[in-house]
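Subject: Structure handover

Hello,

Here is the structure we talked about. Please open it beside this email and follow the notes with the sequence at hand.

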Amino acid sequence: MTGEIVPANFGGEGDAPSKTRVAARTGATRIIGERSLRSMDRNRVLARIRKLCLALPETSERLSHGQPTFFVRDKRAFVMVLKNFHGDGRSAIWCAAQEGVQEMLVEADSERFFRPPYVGHRGWLGVRLDRGIHWDELAGIVEDAYAEVAPPKLVAAARNQAVSS
């Protein structure tokens with residue numbers, strides 16, 4: 001086993017030395033909480049989430065709190081991608097959710113879903129990415145998060161776009 005300096009987030013620009021840590025690595029595998037997630041896999045996961053989010057009308061991405069975050073019209077966040085946020089050991093997304101969804105999903109599967117700090121009291125949902133990713137389900141969660149914060153005209157445009165493709 002060798003030690004290697006690895007960025008604490010998903011490789012966004014602006015990683016300061018204080019946001020790095022020495023991770024024990026075996027080959028290309030990094031230990032995150034109880035599961036392993038390869039660095040290359042993390043990059044692929046972020047790229048796929050980015051593709052899902054940026055395919056929606058008038059969305060953009062920028063770092064917020066040092067994490068890749070997706071916005072509607074550059075103003076309202078609907079998805080954040082986080083890795084080991086404040087040392088919680090999770091690779092996850094936090095996203096806007098309709099009232100009651102967070103509670104229902106956390107109760108149904110607390111291994112994959114959780115109430116995120118800071119935004120959980122507003123109904124946001126945490127979805128673990130290091131517990132197996134169900135891509136169709138995640139795509140639906142991202143679309144629902146978008147619909148929760150986007151203006152009705154943009155939601156209608158997204159639905160029309162989905163029907164025509």
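Which ring does the charged end of Arg-90 sit over? The ring is that of Phe-114, and the charged end lies 3.8 Å from its centre. Here a charge sits over a ring if NZ of Lys or CZ of Arg is within 6 Å of the ring centre and within 35 degrees of the ring normal. Arg-62 is placed in this way over the ring of Phe-71, with 3.7 Å to the centre.

Some notes on the source. This is a predicted model, in which local features need pLDDT of at least 70 and side-chain atom pairs count only at pLDDT 80 or more, while totals for chains, interfaces and linings use all residues. Residues are numbered from 1 along each chain as its sequence is written, and side-chain values use heavy atoms, with hydrogens and water left out.

The sheet

Helices (H or I, at least four residues) and strands (E, at least two) are DSSP runs, numbered from the N terminus. Two strands pair if DSSP finds at least two bridges between them. Strands of a sheet pair through backbone hydrogen bonds, either parallel or antiparallel.

The model has an open sheet of six strands in the order E5-E6-E7-E8-E10-E9, and the pairing is antiparallel. Strands E5 (59-64) and E9 (113-114) stand at the edges with a single partner strand each, so one side of each has no neighbour in the sheet.

Strand E6 (residues 67-72) is joined to E7 by four bridges. The two form a hairpin with three residues between them, and Arg-73 in the turn has a positive phi of about 50 degrees. Strand E8 is in turn joined to strand E10 (residues 125-128) by four bridges, with Ile-93 opposite Val-127 in E10.

Strand E7 (residues 76-83) is mostly covered, as six of its eight residues are buried. Buried means under 20% relative accessible area, exposed over 50%, and partly exposed in between (1.4 Å probe, protein chains only).

The aromatic rings

How many aromatic pairs does a search of the whole structure find? It finds three. Rings of Phe, Tyr and Trp (its six-membered ring) pair if their centres lie within 6.5 Å; planes under 30 degrees apart count as stacked, over 60 as edge-to-face and the rest as tilted.

Phe-78 is in strand E7 and Tyr-146 in helix H3 (residues 135-149), so the pair ties together parts that are 68 residues apart in sequence. Phe-78 is buried at 0% relative accessible area, and Tyr-146 is buried at 1%.

Another pair is Phe-85 and Trp-94, with centres 5.1 Å apart and planes at 80 degrees, so this one is edge-to-face. Phe-85 is buried at 12% and Trp-94 at 3%. Phe-85, Trp-94 and Tyr-118 form one aromatic cluster.

The end of helix H1

Leu-54 lies in helix H1 (residues 39-54) and is partly exposed, at 37% relative accessibility. Leaving out residues up to four places away in sequence, Leu-54 touches Thr-59, Ser-60, Glu-61 and Phe-70, where contact means heavy atoms within 4.5 Å.

Regards
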